Amino acid sequence: MNIILPPRAQGAPLTIDTDRYRQIVVIGANGAGKTRFARRLGAGLGDRVFRMSALKAAYDRENEDTSPTSVDAQYRAMTSASGIIRNDIRGELERIIAMMINEEMMRLLSQKYLGEDAPRSDKPTRLDRLIETWTEIFPDNRILVERGKLLIGATGSDDIYSSAQLSTGESAVMYYIGAALYAPRGGVVIVESPESFLHPSTMQHVWDKVERLRPDCTFVYVTHDISFATTRGEGVIVWVKSCSPESDSWDYEQIRGTDGISEEMMMAILGERKPVMFIEGDGVNSIDAKLYPMIFDRFTVKSLGSCDRVIEATRTFNSIKGLHNLEAVGIVDRDRRSPEEVSYLRGRRIFVPSVAEIENIFMLEEVVRAVAVHYRRNEDEAFRTVSRRIVKLFEGDLRQQALQHTRHRVKKTVEHRIDGRFANINMLEEHITDLAQAINPRGMYEEICREFRRYVQHGDYASILRVYNRKSMLSESHVARACGLRSDDKQEYIRAILNILKDNKAEARRIRAAIYDCFGLDMNHNDLSV
């Protein structure tokens, strides 16, 4: 299914393929016309559109949404058809709860009067799904149903209270879960200010759960929160710059992975008041941009492209800390850096993993084992299979890899030794003539080859990941099939890991701990201090 976005001030409106992208984030500054944009988008969707707003649910109890798919319209239809549910309930959340209770009662009455031999449905009700999802988000809470009301209680405690006494944040979470369950099948759910009332640490988790409830729907989020936009990393981000009410058109653009995030949006990071993490990669669709926000969730993550830009941006940002009082760190691939180079970078708030590049992080032993467990495979057998293949691949590439490492060391050595003071051109010329013999690249190469052969002989998987640069490793190692996936497609394996991380269960914690350890960090401290 395709969604055609509203008219564009310059050029044809964009079309989004919802079979490929289930999330569309509409982002822009206050006053840019985001709400009007979303309203215009919804007008063209007919009865496929479904609107959600925690702000309206919390504060606007008088104005009803008259669109045929809305919670208000479904409530009115149910009160007309049922003699049980009250017709004077105000507020969307209260109406959602009432409709769920009514559905439970009608189901029980239907089963009672159909007789004992009548077929019974084991399909979970909307209330069942609400309770299950709520418990996943708030594992220390439980929901009880008593006398037609929802009651909330802490696990292990006798204290209970009604849903009307929930905090604003808890009410918003219950509203988002419940409302999503009433969206039309295959609908387009437009969410106004999805960050409203949610703590930044739980925001991603909540929306991952809500989306999982409705895999048939497309979610359109209207927000000014850049940190929220980064949590929807596999979706489309549409930046609304301005609106022209006279022509009913907007100046907007899709932020693509090849474009990165523009400098105007970069400046908006300062408004987030969150520490900043600069990373490599080409924007929201790079592997780095998908993985790191899910691991280091207290940071606003910004892709800058090259490692040099990451290093320079981190240095510059921290050098003017007195102006913004924000912390900035960077992450760059290890590539072929020496331990001394890694130490130098870490001292400047640039974190370097213990593996050669981003793809190798997905090959860490604990990551492979966690994915295998998730797909009910024997983790020891899966890792042995993957490890043998990686060692064999590396053995075939050994000399070429050693040559690349030699080239890197020679380059760094020359840069260091040539950067000296010479009294005249003759001294510089003499220094350069002697440089090749002093560096001895062949001897350096043979030494690296011997080191790499030891890795192969001992099956030193961790050391191989540290020095082995091979972009096709994820596919050629067949790690996906070894862990129980259907194919060896690189993207399928990466998506599987990202989905595991969204669940935040035991395997997700293993993966996070492994990645933290890969950077020499302790996940329990959730800290990037050096």
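Q: Where is the place of Asn440?
A: In this predicted model, Asn440 sits in the loop between helix 17 (425–439) and helix 18 (441–457).

Q: What makes the phi of Asn440 worth a mention?
A: Phi is near 55 degrees here. That is a positive value, and Asn440 is a residue other than glycine.

Q: Why is Asn440 called partly exposed?
A: Its relative accessibility is 42%. Buried means under 20%, and exposed means over 50%. The value for Asn440 falls in between, so Asn440 counts as partly exposed.

Q: Where is Ser193, and what is its phi?
A: Ser193 lies in the loop between strand 8 (188–192) and helix 7 (200–213). Its phi is near 45 degrees, a positive value in a residue other than glycine.

Q: Is Ser193 buried or exposed, and how do you know?
A: The relative accessible area of Ser193 is 18%. The cut-off for buried is under 20%. Ser193 is therefore buried.

Q: Why are Asp72 and Lys56 said to meet in a salt bridge?
A: The N to O distance between their side chains is 3.6 Å. The rule asks for a Lys or Arg nitrogen within 4 Å of a carboxyl oxygen of Asp or Glu.

Q: Which parts does the pair Asp72 and Lys56 tie together?
A: Asp72 lies in helix 3 and Lys56 in helix 2 (residues 54–59). The pair therefore ties together parts that are 16 residues apart in sequence.

Q: Which residues are linked with Lys56 and Asp72 in a network of salt bridges?
A: Glu62, Glu64, Arg76, Arg90, Glu92 and Arg95 are linked with them.

Q: What makes Glu136 and Lys209 a salt bridge?
A: Their closest N and O atoms are 3.2 Å apart. The limit is within 4 Å, so the pair qualifies.

Q: Where do Glu136 and Lys209 lie in the chain?
A: Glu136 is in helix 5 (residues 126–137), and Lys209 is in helix 7. They are 73 residues apart, and the pair links distant parts of the chain. Glu136 is partly exposed at 32% relative accessible area. Lys209 is buried at 7%.

Q: How are Arg315 and Glu312 separated in helix 11?
A: They are 3 residues apart in helix 11 (residues 307–319), which means about one helical turn separates them. Arg315 is partly exposed at 49%, and Glu312 is partly exposed at 39%.

Q: How many salt bridges does the count come to?
A: The count comes to 27 salt bridges.

Q: What is the order of strands in the open sheet?
A: The order is 13-12-14-15, with parallel pairing.

Q: Why do strand 13 and strand 15 stand at the edges?
A: Each has a single partner strand, so one side of each is left without a neighbour in the sheet.

Q: How do you know that strand 14 and strand 15 pair?
A: Pairing needs at least two bridges. Strand 14 (residues 328–331) and strand 15 have 2 bridges, so they pair. In one of these, Gly330 has Ile350 of strand 15 as its bridge partner.

Q: What joins strand 12 to strand 13?
A: 4 bridges join strand 12 (residues 276–279) to strand 13, and the two run parallel. Ile279 has Ser303 as its bridge partner in strand 13.

Q: Which residues point one way from strand 13, and which the other way?
A: Thr300 and Lys302 point one way, while Val301 and Ser303 point the other way. All are buried.

Q: Why is His408 called buried?
A: Its relative accessible area is 17%. Buried means under 20%, so His408 is buried.

Q: What does the side chain of His408 reach?
A: From helix 16 (residues 379–418), the His408 side chain reaches the backbone oxygen of Arg336 at 3.3 Å.

Terms used: Residues are numbered from 1 along each chain as its sequence is written. This is a predicted model: local features need pLDDT of at least 70, side-chain atom pairs count only at pLDDT 80 or more; totals for chains, interfaces and linings use all residues. Side-chain values use heavy atoms; hydrogens and water are left out. Buried means under 20% relative accessible area, exposed over 50%, partly exposed in between (1.4 Å probe, protein chains only). A polar contact is a pair of N or O atoms within 3.5 Å; within protein, one must be able to donate a hydrogen and the other to accept it, and residues adjacent in sequence count only if both atoms are side-chain atoms.
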